[in-house]
Amino acid sequence: MGKHVLVTGAAGFIGYHLSKALLKKGYSVTGIDNINEYYDVNLKYARLRDLGITSGNLKVFKAPVTSSIFGERMKFIRLNIEDRIELPKIFENGKFDLVCNLAAQAGVRYSIENPNTYVDSNISGFINILECCRHHNIKRLVYASSSSVYGNSDNIPFNESDNVDQPISLYAATKKSNELMAHTYSHLFQIETIGLRFFTVYGPWGRPDMAYFLFANAIMKNQPINVFNNGNLSRDFTYIDDIIEGVLKTLLSTSKNNALYKLYNIGNNTPIMLKEFIEAIESSLGATAVKKNLPMQPGDVYQTYADIGRINADFGYQPKTKLKKGINEFIDWYKYWTKH
């Protein structure tokens, strides 16, 4: 496989970690992100700084910035992926070998209040990515889907062959639409597309809107945490290093599956009760949470559980990080982050 990778959503949680891992392996990376204000932009800028992207040009759209650490091997461009004028120019100039599309408007609850944002980024943006891949001879596109496509499925564990025609949030609906659009482009234009249904990802440099981030912040300040459905929810919490290992395998390795269109669950294969997750955070912090029990929220699901048999068979993916280790790594980073 080639050496130049386009990573969209490069200032995001997974995109930052992926860019760093690719650079460590000797690849060249062009990162794109619009640095929107869905959550604290200071965290996004800090991730970019860790990649050597420090220029004042970050305020300016379309202005390429070269890394002060990795030199020409890492470039960053602030851009909306739905920009139909500028994105094709980046493909033309970049001559990418591989594309990993992680740019998306994230968040289930936010999609209830701001549906148009999801259509712009997750649907218009994704078709723009597909068109650019089509016209610039990109042979492999890996893109982020989500475990949310399964909705409140009773089939446990979630399997890629399950019916996912009943999303319970607009966010989930946009991710399902990405899978359908990718299928069409694989079929019509012989582009290899690999959709990754991420299960709840956690770890250092994570998203401040995620529960574990909110919990740590509140517990450290002795403030109450919101516990939905009395903690009787389970999530297939997956540590960021395991996620990145899986993304790298699907992006860089040759699959045992020759189909052009592929879909994979990428999770931990071990659902954990929310109560247990909170206890792990309490233990790591050496503090007890003040819990405020609340009913289920609209758009939320009761459980997620990834069947990872398919990605294991095709790419040898096997998560390794236990909850205690993962939480301790996050808390260590979080303490560092809150002091800087």
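Before the first number, a definition: helix axes here are lines fitted to C-alpha atoms over the stretch in contact, and angles between N-to-C directions run from 0 to 180 degrees. The model is predicted.

On that basis, helix α3, residues 86-94, packs against helix α5, residues 115-135, at an angle of about 35 degrees, and the two axes are 10 Å apart. The crossing of α3 and α5 is right-handed. Which residues make the contact? From α3 they are L87, P88 and F91, and from α5 they are N128, I129, C132 and C133. Sorted by class, the contact of α3 with α5 has six nonpolar residues, one polar and no charged.

Next, the aromatic rings. The whole structure contains 28 aromatic pairs. In one of them, Y38 with Y39, the ring centres are 6.1 Å apart; the planes are at 65 degrees, over the 60 that edge-to-face requires, so the pair is edge-to-face. Y39 has a relative accessible area of 9%, so Y39 counts as buried. The face of Y39 also has K44 over it, at 4.5 Å from the ring centre.

Back to α5. F126 in this helix pairs with Y143 in strand β6, residues 140-146, and the pair links distant parts of the chain, 17 residues apart. The ring centres of F126 and Y143 are 5.1 Å apart and their planes are at 50 degrees, so this pair is tilted. Are the two residues buried or exposed? Both F126 and Y143 are buried.

Two items remain. Ring pairs join a set of residues into a cluster, among them Y16, W205, F277 and W337. And K3 lies over the face of Y27, 4.7 Å from the ring centre.

Conventions
Residues are numbered from 1 along each chain as its sequence is written. This is a predicted model: local features need pLDDT of at least 70, side-chain atom pairs count only at pLDDT 80 or more; totals for chains, interfaces and linings use all residues. Side-chain values use heavy atoms; hydrogens and water are left out. Helices (H or I, at least four residues) and strands (E, at least two) are DSSP runs, numbered from the N terminus. A crossing is left-handed if the near helix is turned anticlockwise from the far one by less than a right angle, and right-handed if clockwise. Contact means heavy atoms within 4.5 Å. Ala, Val, Leu, Ile, Met, Phe, Trp, Tyr, Cys and Pro count as nonpolar, Asp, Glu, Lys and Arg as charged, and the others, Gly among them, as polar. Rings of Phe, Tyr and Trp (its six-membered ring) pair if their centres lie within 6.5 Å; planes under 30 degrees apart count as stacked, over 60 as edge-to-face and the rest as tilted. Buried means under 20% relative accessible area, exposed over 50%, partly exposed in between (1.4 Å probe, protein chains only). A charge sits over a ring if NZ of Lys or CZ of Arg is within 6 Å of the ring centre and within 35 degrees of the ring normal.
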